[in-house]
Each structure stands twice: as C-alpha cells, then as structure tokens.
Amino acid sequence: MHYALTLAKKAANEGEVPVGAVVVRDGMVLGEAWNCPIGSADPSAHAEVNALRAAAKHEANYRLPGATLYVTIEPCTMCAGALIHSRIDRLVFGAREPKAGAVVSQNNLLNHPSMNTEIRYAEGILAEECSQIMTEFFAFRRQQKKQLRTKTQTKNLR
C-alpha cells in the first residue's frame with residue numbers, strides 16, 4: 001500500500017485525483033498505475049483499470065487469477081466491474097469512498113448475488129494516509145478555485 005500511495009502522489013502532481021493502484025502476484029508487481037482520466041481525456045483511466053490493463057498486458061492474459069490489487073481508495077462501480085472481469089483474487093484498499101465506493105460504502109458489488117466470481121477484500125490498510133492525501137488534494141483544489149474567483153472579481157472591478 002505504501003507503493004500505491006507513492007503512485008497516488010504522482011497523480012496529484014499531475015492534477016489528477018490522487019489514487020494509486022498496484023497489481024501483485026507472489027510478491028511480484030504485474031502492473032501499476034495512478035489516476036489519469038483528465039490528462040488522457042479518458043473517463044475509464046482510473047488507477048485500478050490502468051493497473052489491471054498493465055498487469056494483463058504483462059501476463060498476456062485478460063484474467064489475473066491469484067493476483068491482488070492494492071488501491072488507495074475504495075473502487076467505484078466501473079472499477080469493481082473491471083476487478084470482477086479480470087478474475088482478480090483479492091482487493092486491498094486503504095480508505096472508503098463514501099460517495100462512490102462500490103465495495104462497501106454505497107454498494108456491495110463484489111458480494112452481489114449475480115456475480116459469477118468471488119473476490120476477497122480487505123479495507124483500512126493505511127486508511128488515514130490514503131484519506132489524508134485525498135483531503136489535502138481537494139482542499140488545494142478548493143483554494144485554487146477560490147483564488148481564481150477572487151482574481152476574476154478583482155479584474156472585473158477595474
């Protein structure tokens with residue numbers, strides 16, 4: 001999870017929502033990524049999806065049995081679906097995502113009766129650190145917007 005946090009910081013440095021993800025099997029990193037939907041102009045470019053893509057390419061297989069995905073924030077609906085389709089064995093996430101979390105917060109998609117695969121999951125790993133990077137990022141973004149509004153208002157007064 002420490003490595004996923006490092007990747008989340010890369011996302012933040014690029015102006016992206018700071019989420020990092022790593023796919024591991026038998027102690028070996030198969031794929032890693034961070035959020036980049038803004039920079040790539042791709043709404044599906046979430047950290048989890050990109051890490052799964054990298055791992056699948058590495059393995060030359062769209063299925064990733066026996067692998068674990070570590071991600072800093074609880075996956076959304078799209079990412080939970082990608083986990084299911086990849087047949088990932090286990091999910092480990094840091095902090096819950098109260099608005100869009102699809103594993104425990106808003107939905108429980110991994111345990112939905114219609115799912116044809118079982119994904120074990122654990123939550124709360126380095127939760128405070130994972131939550132803190134999100135809080136700081138969005139506080140910074142709000143501050144930037146406030147400064148822009150103030151600058152615009154000042155300019156309009158001239």
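Is Asp42 buried, exposed or partly exposed? In this predicted model, in which local features need pLDDT of at least 70, side-chain atom pairs count only at pLDDT 80 or more, and totals for chains, interfaces and linings use all residues, Asp42 is partly exposed, with a relative accessible area of 25%; here buried means under 20% relative accessible area, exposed over 50% and partly exposed in between, with a 1.4 Å probe and protein chains only. Residues are numbered from 1 along each chain as its sequence is written, and side-chain values use heavy atoms, with hydrogens and water left out.

The overall architecture comprises five helices and five strands, where helices (H or I, at least four residues) and strands (E, at least two) are DSSP runs numbered from the N terminus. Their order along the sequence follows the pattern α-β-β-α-α-β-α-β-β-α. The C-alpha trace spans about 65 × 30 × 25 Å along the principal axes of the protein, and 39% of the 158 residues count as buried. The accessible surface, computed by the Shrake-Rupley method with a 1.4 Å probe and, for residues, with only the protein chains shown as cover, comes to about 9000 Å², and 53% of this surface belongs to carbon and sulfur atoms. Of the contacts (heavy atoms within 4.5 Å) between residues at least 6 apart in sequence, 55% join residues at least 24 apart.

Charged side chains were examined next. With Lys and Arg counted as positive and Asp and Glu as negative, while His and the chain ends are not counted, and with the place of a charge taken as NZ of Lys, CZ of Arg, CG of Asp or CD of Glu, the mean positions of the 19 positive and 15 negative charges are 11 Å apart. Side chains of opposite charge can pair when their charged atoms come close. A search of the whole structure finds four salt bridges, a salt bridge being a side-chain nitrogen of Lys or Arg within 4 Å of a carboxyl oxygen of Asp or Glu.

One of these salt bridges joins the side chains of Glu59 and Arg25, with an N to O distance of 2.8 Å. Because Glu59 lies in helix α3 (residues 47-59) and Arg25 in strand β1, this pair ties together parts that are 34 residues apart in sequence. Glu59 is partly exposed, with a relative accessible area of 27%, whereas Arg25 is buried, with a value of 18%. Asp42, with which this passage began, meets Arg53 in another salt bridge at 3.9 Å, N to O. Asp42 is placed in the loop between α2 (37-40) and α3, and Arg53 in helix α3, eleven residues apart; Arg53 counts as partly exposed at 42% relative accessibility. A further salt bridge is formed by Asp89 and Arg120, at 2.5 Å, N to O. This pair links the loop between α4 (77-86) and β4 (90-95), where Asp89 lies, with strand β5 (residues 120-123), where Arg120 lies, 31 residues apart. Asp89 is partly exposed at 28% relative accessible area, and Arg120 is partly exposed at 43%.

Glu16 presents another case, since this residue is buried yet has no salt bridge, and the nearest side chain of opposite charge, Arg141, is 7.1 Å away. Glu16 is found in the loop between α1 (2-13) and β1 (20-25). Its side chain reaches the backbone nitrogen of Gly39 at 2.6 Å. Beyond its neighbours within four places in sequence, Glu16 is in contact with several residues, including Asn35, Pro37 and Phe137.

Helix α4 was then considered. Its buried residues are Cys79, Ala80, Leu83, Ile84 and Ser86, and these pack against α3, β3 (68-73) and β4. Ser86 has a relative accessible area of 5%, and its side chain reaches the backbone oxygen of Leu83 at 2.9 Å. A polar atom of the Ser86 side chain also lies 3.3 Å from the backbone nitrogen of Ile88. Not counting residues up to four places away in sequence, Ser86 touches Leu52, Tyr62, Arg63 and Leu64. After α4 comes Arg87, whose phi is positive, near 60°.

Finally, Ala127 lies in helix α5 (residues 127-157) and is partly exposed, with a relative accessible area of 26%. Although Ala127 and Ala95 are 32 residues apart in sequence, they are 4.5 Å apart in space, C-alpha to C-alpha.

Definitions and conventions
A polar contact is a pair of N or O atoms within 3.5 Å; within protein, one must be able to donate a hydrogen and the other to accept it, and residues adjacent in sequence count only if both atoms are side-chain atoms.
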